[in-house]
Amino acid sequence: MTSMNSVLFISFLLFSVGVAGVLIRRNILIILMCVELMLNAGNLNLVAFARHSGTVAGQAFALLVMGLAAAEVSIGLALVVALYRKKDSVQVDQINLLKG
Amino acid sequence: MDSFLASIGQYLFHFFGLVALAGALALVFARNAINSILGFLTCMLSVAACYLCLSAEFLAVAQLLVYAGGIVVLFLFVVMLVEMTKAREKAVFQKQAPYALVAVLAGAVAITGVFWRTWFAPNATEALTLPAGLGQGLNVATQNAQAVSRGIFASYLLPFEILSVILLVALVGAVILAKTERV
């Protein structure tokens, strides 16, 4: 029986790594992967609380979040491909189309 | 054999959690995008193993199918489409990386302090008292798929249907965004 605290702690560490990756990387693909990492950390929390409470609501919502993550990544990668056609780059500090 | 599995069972979660953490660190700090994707894959597989340790079997299989089977392959295709044609990037990290790392570490230390307060308490986490009508007649631990299906198709049918509409919108939107301009 794994203790609740260790599950929460590992998911918190995964979330922190995801936040750090979003903040420090320049490659937009890595940033998208780090967003996925953060969603997974949230999912881990949901599953932990579902086991803790003995109900299945957390697992059902984790499944919904997984579908949402798939939708998000497909839109994000389509945006990356469109931006790459426009700017020839996937570095976020070179994407300044709104600057005029 | 069973007692042996039960005795190592509580350490398996920690092992896979640490592997997931290592994969996440490789994802963030690798210079090559392909190495980052391999770290991402390691992380997702380990998270699926963690779900298994938390007795969420259906979710573990869904994680394997969706992430290892779908999303990683999608990322791999886009990286090969976008990255390989260009010269290597000069700088991997943003200019604000030191400040961002300091901020993230400060937040991590603060939340670790919260964990520290509850870590050694004997009954740090009390059992939640949620209405147990969801899994009625089912054992969530041993009939996982049945219990999850009851959750999705009975109790949370509306979020499920909304998710299906979102997936349809994302499908159409991705096709519209990524197609070339051709009249």
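The axes of helix H3 (residues 57-87) of chain A and helix H6 (residues 157-178) of chain B come within 9 Å and cross at roughly 10°, which makes H3(A) roughly parallel to H6(B). These values come from a predicted model. In that model, 61 residues of chain A are in contact with 72 residues of chain B.

**Contact of H3(A) with H6(B)**

- From H3(A) the contact draws on residues including A:Leu64, A:Gly67, A:Leu68, A:Ala71 and A:Ser74, while H6(B) contributes, among others, B:Pro159, B:Phe160, B:Leu163, B:Ile166 and B:Gly173.
- Sorted by class, the contact of H3(A) with H6(B) has 17 nonpolar, three polar and no charged residues.

**The side of chain A that touches chain B**

- H1, H2 and H3 of chain A are the elements that give two or more residues to this side, and H3(A) gives the most, with 21 residues.
- By class, the side of chain A that touches chain B has 41 nonpolar, 15 polar and five charged residues.

**The largest nonpolar core**

- The largest nonpolar core has 72 residues, of which A:Leu14, A:Leu29, A:Met33, A:Leu37, A:Val47, B:Cys50 and B:Tyr51 touch the most other members.
- At least two residues of this core are supplied by each of H1, H2 and H3 of chain A and by each of H1, H2, H3 and H5 of chain B, and the largest share, 14 residues, comes from H2(A).
- Because domain 1 (1-86) and domain 2 (138-183) of chain B both give residues to this core, it lies between them.
- Leaving aside residues up to four places away in sequence, A:Leu37 touches A:Leu14, A:Val17 and A:Gly18 as well as B:Ala24, B:Leu27 and B:Cys43.

Methods. Residues are numbered from 1 along each chain as its sequence is written. Chains are lettered from A and ligands numbered from 1 in the order in which they are written. This is a predicted model: local features need pLDDT of at least 70, side-chain atom pairs count only at pLDDT 80 or more; totals for chains, interfaces and linings use all residues. Axes are lines fitted to C-alpha atoms, for helices over the stretch in contact, and angles run from 0 to 180 degrees between N-to-C directions. Helices (H or I, at least four residues) and strands (E, at least two) are DSSP runs, numbered from the N terminus. Angles under 35 degrees count as roughly parallel, over 145 as roughly antiparallel, 65 to 115 as roughly perpendicular and the rest as oblique. Two residues are in contact if their C-beta atoms, placed from the backbone, lie within 7 Å. Ala, Val, Leu, Ile, Met, Phe, Trp, Tyr, Cys and Pro count as nonpolar, Asp, Glu, Lys and Arg as charged, and the others, Gly among them, as polar. A nonpolar core is a set of buried Ala, Val, Leu, Ile, Met, Phe, Trp, Tyr and Cys residues joined through C-beta atoms within 7 Å. A residue is buried if 20 or more other C-beta atoms lie within 10 Å of its own, exposed if 12 or fewer, and partly exposed in between; C-beta atoms are placed from the backbone. Domain bounds come from an automatic or database domain assignment.
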